[in-house]
Amino acid sequence: MRFFLAFLLFYLTLFADVNTDTLKRADTNSKSDSKSEVVRAYNDYRNVYIRALMKDDDKLCRTCLSGLIKTGKKLHIDVSNYENKLKKLRIKKNKLKKKKSQKKLIDQKKPPKRLKKSISSKNKLKSIRWKDSQRLILSFSRNIKKSELNRFSLNNDKIKKYKTIYDIYAVLTQKTMFLKHSSVKKIRLAQFDQRTLRIVFDNDSKIKQQYKISGKELTIKMSSENRELRYIPLKYNQLKKIIVIDPGHGGKDSGAVGYKKYREKIVVLQTSKKLRDILLQRGYTVYMTRNGDNFVDLRKRTKFANKKKADLFLSIHANSVPKRNRKKAQGIETYFLSTKRSQRAENTLKAENVDISKMEKSGMNATLHLMSREKIFASNKLAIDLQQNMLSSLKTRYKHVRDGGVRSGPFWVLVGAEMPAVLIEIGFISHPSEAKRMIDHRYQKKQALGIADGVDRYFAKNP
Ligand SMILES: [Zn+2]
């Protein structure tokens with residue numbers, strides 16, 4: 001174990017150096033007059049930014065975001081998303097500053113005891129799971145004693161900040177993890193020091209919990225007083241899943257041009273990026289078929305997902321109808337691949353510029369017949385989870401969210417995927433009020449959260 005920790009520390013320092021070097025290079029390249037060097041700088045900033053997100057390093061995030069905005073503007077890339085994020089982080093920083101000066105106000109209910117040092121350090125966290133939506137169960141590699149656990153609370157009524165912290169004498173062999181439960185704002189699991197695993201429950205109202213140790217398990221029982229209970233069962237192994245997000249269109253192909261000339265390729269990329277960040281934060285491995293406004297051939301998209309050995313392929317699109325009908329069509333739809341198609345699917349295919357007759361001639365049907373029933377079934381199940389969770393996430397803040405349902409249709413972009421694959425039409429960009437929402441970053445975030453919840457849900461049921 002000591003060896004492991006030494007390695008971990010080495011690895012982290014190495015990572016830190018890589019980041020500093022990359023940033024130095026990006027800073028130099030960003031000032032260049034050559035477009036390709038600015039592109040390189042932009043990519044460097046983005047790579048470090050993703051690492052910073054995973055490490056939860058706000059300072060590094062701010063540095064990268066400033067770089068992304070500066071170089072993005074030079075390259076005429078839409079950086080409004082990054083600008084919003086930077087603004088939020090700056091507000092957070094100022095709040096933290098304020099909080100520091102208020103720190104004395106925090107009443108420590110029980111001062112943390114020193115954990116006994118004599119205990120062997122070989123206790124590993126083996127698994128985490130939710131049971132009956134109320135209990136979080138942590139299993140360790142050996143029996144835990146009462147003296148190895150320390151729970152305390154940090155509460156401040158004035159600023160409405162409530163924390164309950166569990167320090168356990170154990171080792172987390174993963175990166176920092178975030179869990180979800182409807183009764184608390186944030187649950188974070190991290191290695192606090194070489195010996196201590198720390199779980200922090202963060203909330204804006206008092207946290208009521210009970211815990212129990214028995215054998216190798218620690219059970220934390222959440223309060224049952226919460227009105228709406230939305231939980232996502234979580235299994236340790238889902239963190240190894242790989243997801244490919246495919247923002248539709250791009251470059252010369254702008255996709256649908258909707259209300260007020262909003263363009264599909266831009267809106268779907270913005271939503272996809274938010275989804276990427278959330279999934280990364282939840283521990284998934286995520287790849288995008290495009291990160292910028294570039295053209296990607298349809299067939300290359302699923303090929304890319306196959307190459308990455310993805311567990312899921314999510315193609316993100318926006319729907320549209322001709323102007324004369326624009327007020328009639330709205331809503332969110334999720335499609336999975338099949339030869340059967342409804343009239344609605346047919347209209348969507350038209351909106352996506354798919355030439356159906358050409359498709360039939362080119363042997364689409366033959367390809368589809370080769371697809372296993374199992375995969376179609378899995379894609380159908382995935383589509384249902386995504387659709388449900390998108391709707392429930394959006395309905396927490398927005399009225400009149402339309403459910404277009406789960407449908408099947410012959411979409412080229414899904415053909416050839418070796419994993420469950422769906423196409424999400426995040427809304428009708430042609431509809432005046434829906435389009436206005438779709439370009440709004442808060443709406444995009446809610447939608448992305450819903451998709452991520454759907455992904456969690458799918459893996460919880462289909463590990
Ligand atoms: Zn599209």
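Trainee: In which sense does α5 pass α12, right-handed or left-handed?

Mentor: Bearing in mind that this is a predicted model, α5 passes α12 in a right-handed crossing. Helix α5 covers residues 264-281, and its axis packs at an angle of about 50° to that of α12, with the two axes 8 Å apart.

Trainee: OK, sheets now. What is the strand order in the open sheet of six strands?

Mentor: The order is β12-β11-β13-β16-β14-β15, and the pairing is mixed. The edges are taken by β12 (285-288) and β15 (403-409), each of which has a single partner strand, so one side of each is left without a neighbour in the sheet. From one strand to the next, the twist averages 20°.

Trainee: How do β14 and β15 run, parallel or antiparallel?

Mentor: They run parallel, with six bridges joining β14, residues 332-337, to β15. If you want a place to look in the viewer, I332 stands opposite D403 in β15. As background, strands of a sheet pair through backbone hydrogen bonds, either parallel or antiparallel.

Trainee: Which strands does α12 lie across?

Mentor: Helix α12, residues 441-461, lies across β11, β13, β14 and β16 (421-428), and it runs at about 150° to β13. Helix α6, residues 298-307, lies across β11 (242-247), β12 and β13 (312-319), running at about 165° to β11.

Trainee: Then the open sheet of four strands, what is its order?

Mentor: That one is ordered β2-β3-β10-β9, with antiparallel pairing. Here β2 (125-131) and β9 stand at the edges with a single partner strand each, so one side of each has no neighbour in the sheet. Neighbouring strands of this sheet are turned by 15° against each other on average, direction ignored.

Trainee: How many bridges join β3 to β10?

Mentor: Five bridges join β3, residues 135-140, to β10, and the two run antiparallel; S139 stands opposite E217 in β10. On the β9 side, β9 (residues 209-214) and β10 (residues 217-222) pair in the antiparallel sense over six bridges, and I213 stands opposite L218 in β10.

Trainee: Which residue takes a positive phi in the hairpin of β9 and β10?

Mentor: That is G215, with phi near 60°, in a hairpin that has two residues between the strands.

Trainee: Where is K260, which has a positive phi without being glycine?

Mentor: K260 is placed in the loop between β11 and α5, and its phi is near 50°. K309, in the loop between α6 and β13, also has a positive phi, near 55°. Such values draw attention because most residues other than glycine have a negative phi.

Trainee: Are those two lysines, K260 and K309, buried or exposed?

Mentor: Exposed is the term for over 50% relative accessible area, and K260 is therefore exposed at 57%, while K309 is exposed at 64%.

Trainee: Last one, how many helices and strands does the protein chain have?

Mentor: The chain has 12 helices and 16 strands, and buried residues make up 50% of its 463 residues. Among contacts between residues at least 6 apart in sequence, 72% join residues at least 24 apart.

Key. Residues are numbered from 1 along each chain as its sequence is written. This is a predicted model: local features need pLDDT of at least 70, side-chain atom pairs count only at pLDDT 80 or more; totals for chains, interfaces and linings use all residues. Side-chain values use heavy atoms; hydrogens and water are left out. Two strands pair if DSSP finds at least two bridges between them. Axes are lines fitted to C-alpha atoms, for helices over the stretch in contact, and angles run from 0 to 180 degrees between N-to-C directions. Contact means heavy atoms within 4.5 Å. A crossing is left-handed if the near helix is turned anticlockwise from the far one by less than a right angle, and right-handed if clockwise. Buried means under 20% relative accessible area, exposed over 50%, partly exposed in between (1.4 Å probe, protein chains only).
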